[in-house]
Amino acid sequence: WEFNGSFYQPSAFLMMGIPGLEGLHHWISIPFCTLYLIALLGNCMILFIIKKTQSLHEPMYYFLSMLAVTDLGLVLCTLPTTLGIFWFNMRRIGFDACLTQMYFIHILSFIESSVLLAMAFDRFIAISHPLRHSSILTKTTVIKIGLAIILRGMVSLLPIPFLLKRLTYCGKTELSHSFCFHPDIMNLACADIKVNVFYGMIILLSTVGMDFIFIVLSYILIIKTVISLATKEECLKALNTCVSHICAVLVFFIPMIGLSMIHRFGKNVPPLVNTLVAYTYLMIPPALNPIIYSIKSSHIREALLRALRRKSE
């Protein structure tokens, strides 16, 4: 402990694996390693295919590249501490290291939410104004959107580590997960955390919450446009271009909303449920997104098959 008058701050926190199953961590690490491997290889494959295939150099796939980079970032943020616990029982993480990991996990989550909104906007423009799509979403516009997304995440979350550093901590230093979350760290403090709770809620609602609302509104407008199309075939063709994105939105937002609700209101929720929802939120989207887009996007699938054929020749 670092002592400064009445101010106490732990030098480190203790992370938690899967409660009640500590003796099986080596076996549990196998599916976790599989998910991490799928996420790393899948997202790298998406980036490689988009970079090498000239026909995929368009807004939809630029946004998909942003999603893949964000997913890679999330994987690399949580992989060292998670596998460190499962393989070597390395539970200790320094206070500042924990705040740094927490900051990047939350930033990348916010960026992923914003990228999904940008992808919804892209689908809306492509379906509602197909002739103006390339003139509205130029390469310069896509770059500006990407920079705005990163800047919004960094600036909105910048106060969070400082709000945590000002708190006095006492008693428990054990976190609920094998990575650091703002609510998890905040609840270990024995000081008034109203400012942290209020700021965290405001930021969550004004970023991820607003992103989700605008995604829903985008799909309401898309459905209105699709209904006005002349034939059933055109309807289905237009909606088919959105299936991958809808799956990615559901895979990301459902666990995130569940985890937020558990941290804020689920005091009596079993620790195992809390842990499983957290792992689902941070590990399943990065692993599933490349699979979803590889299966549903014929352009990516064809480019992948061409690349595999070239390697086998």
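Biologist: With -120° about the S-S bond, the link of C98 and C180 is left-handed. What makes C98 and C180 a disulfide?

Modeller: This is a predicted model, in which local features need pLDDT of at least 70 and side-chain atom pairs count only at pLDDT 80 or more, while totals for chains, interfaces and linings use all residues. Residues are numbered from 1 along each chain as its sequence is written, and side-chain values use heavy atoms, with hydrogens and water left out. A disulfide is defined as a pair of cysteine sulfur atoms within 2.5 Å, and the S to S distance between C98 and C180 is 2.0 Å, so this pair meets the definition. The structure holds one disulfide.

Biologist: Which parts does the pair of C98 and C180 tie together?

Modeller: C98 lies in helix α3, whereas C180 lies in the loop between α6 (159-165) and α7 (182-186), so the pair ties together parts that are 82 residues apart in sequence. Helices here are DSSP runs of H or I with at least four residues, and strands are runs of E with at least two, numbered from the N terminus.

Biologist: How do you know whether C180 is buried or exposed?

Modeller: Buried means under 20% relative accessible area, exposed means over 50%, and partly exposed lies in between (1.4 Å probe, protein chains only). C180 has 0% relative accessibility, so it counts as buried, and C98 is also at 0% and counts as buried.

Biologist: What makes the phi of N89 worth a remark?

Modeller: Most residues other than glycine have a negative phi. N89 is not a glycine, yet its phi is positive, at about 55°. N89 lies in the loop between α2 (59-88) and β4 (92-94), and because its relative accessible area is 52%, N89 is called exposed.

Biologist: How do you know how far helix α11 reaches against its expected span?

Modeller: The expected span of a helix is 1.5 Å times one less than its number of residues. Helix α11 (residues 271-296) has 26 residues, and its 36 Å from first C-alpha to last is close to the 38 Å expected. Helix α11 also bends by about 40° at I284, with the proline P285 following within four residues, where a bend is the angle between axes fitted to the seven residues ending at a residue and the seven starting there.
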